[in-house]
Amino acid sequence: MSNMHNSFQDRVAMITGAASGIGKAVAIKMAEQGCQLCLVDLNRELLTELEKQLSPQTKIMIFCGDVTEPTFIQTVVEQIGKQFGRLDFALNNAGITSAAKGIADIELAEWQRVMDVNINSLYYCMHYQIPLMQQLNGGAIVNMSSMLGLIGTKNRAAYVTSKHAVTGMTKAVALDYADQNIRVNSVHPGYIETPLIAHIDHEALITKHPVGRLGTAEEVAALVNFLFSDEAKFITGSQYVIDGGYSIQ
Ligand SMILES: NC(=O)c1ccc[n+]([C@@H]2O[C@H](COP(=O)([O-])OP(=O)(O)OC[C@H]3O[C@@H](n4cnc5c(N)ncnc54)[C@H](O)[C@@H]3O)[C@@H](O)[C@H]2O)c1
């Protein structure tokens, strides 16, 4: 691994949904820059694989569990405090889609699960992450929304609602801590080639992106990396769209 890019040397990042797709791409990019990682995901197999790929060059803790469990998140952040003694960055990224149907057909349990994973988990995460960041005099948080956190689409009420909530929560929390050197921003991807959208017809999706293709997880990781970096130190409470022009039409 290259030692040339070490701008995050000895800093610590917590990433949820780290075992796949966008979260994994961010973990790899941060590791390349010397960042120490706490990776959280439901999928133990993929998480262990990524740990093997990145260690021993990168100091890593992995936690297999569900971000909808507040006591799990509390334990994860406590362990970061004990073992790393600091938390500089958090990518709150674990998320699920909702099945394509109108709101009259969405079961209550399905609705609640989407809200639990996509929005309530961000309360648990930031509730515990911020006090650890305060001990260090600052930090940066990126919450993973979607372009569907800024615009609507047909038959995705649960997902669209949850991602709009991420947008609003990010603005509110950014204001709460702006004077404490904790920056909080949201990222809003169009369709990105990850397992999350494997079930959706790609040809139909591609035509909706003016650039003529879907995005890659690495492209989103580059944006997240910028928002964590000191280059972005005047940026807080902002919504960063990365969608190949989809949502400007
Ligand atoms: N792929 C896209 O087109 C796209 C577009 C806009 C926004 N997003 C958002 O990006 C984020 C990451 O998506 P991705 O495309 O990388 O998907 P992905 O399915 O490749 O990765 C998501 C990861 O989150 C984990 N996860 C899901 N629920 C969890 C839970 N309850 N607890 C812990 N881990 C959990 C999964 O195991 C998986 O490893 C999501 O919030 C998603 O809504 C994705």
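This is a predicted model: local features need pLDDT of at least 70, side-chain atom pairs count only at pLDDT 80 or more; totals for chains, interfaces and linings use all residues.
1. Ground rules. Local features need pLDDT of at least 70 and side-chain atom pairs count only at pLDDT 80 or more, while totals for chains, interfaces and linings use all residues. Residues are numbered from 1 along each chain as its sequence is written, and side-chain values use heavy atoms, with hydrogens and water left out.

2. Ligand shell. There are 29 residues around the ligand, and Ser-20, Asp-41, Asn-93, Tyr-159 and Thr-194 come nearest; a residue is near if one of its heavy atoms lies within 4 Å of the molecule. By class, 15 of the shell residues are nonpolar, 10 polar and 4 charged (Ala, Val, Leu, Ile, Met, Phe, Trp, Tyr, Cys and Pro count as nonpolar, Asp, Glu, Lys and Arg as charged, and the others, Gly among them, as polar).

3. Polar contacts. These are pairs of N or O atoms within 3.5 Å. The side chain of Ser-20 has an N or O atom 2.5 Å from an oxygen atom of the ligand. From Leu-42, a backbone N or O atom lies 3.3 Å from a ligand nitrogen atom. Thr-194 places a polar side-chain atom 2.5 Å from an oxygen atom of the ligand. On its own the ligand has 830 Å² of accessible area, and the protein covers 93% of that (Shrake-Rupley method, 1.4 Å probe).

4. The ligand takes the space of the largest pocket, with more than half of its atoms within 2 Å of the grid points. A pocket here is an open set of points on a 1 Å grid over the protein atoms alone, where a 1.4 Å probe fits, with protein on both sides within 12 Å along at least five of seven lines. The volume is about 750 Å³, taken as the space filled by probe spheres set on the points.

5. The lining. Of 37 lining residues, Asn-93, Ala-94, Gly-95, Ile-96 and Leu-196 lie nearest the pocket centre; lining residues have an atom within 4 Å of a point. Among the helices (DSSP runs of H or I, at least four residues), α1, α4 and α5 each supply at least two lining residues, and α1 gives the most, with 3.

6. Backbone points to look at. Most residues other than glycine have a negative phi, and most peptide bonds are trans. Ser-55 and Pro-56 are joined by a cis peptide bond, with omega about 5°, and Asn-137 has a positive phi near 75°.

Note on methods. A polar contact is a pair of N or O atoms within 3.5 Å; within protein, one must be able to donate a hydrogen and the other to accept it, and residues adjacent in sequence count only if both atoms are side-chain atoms.
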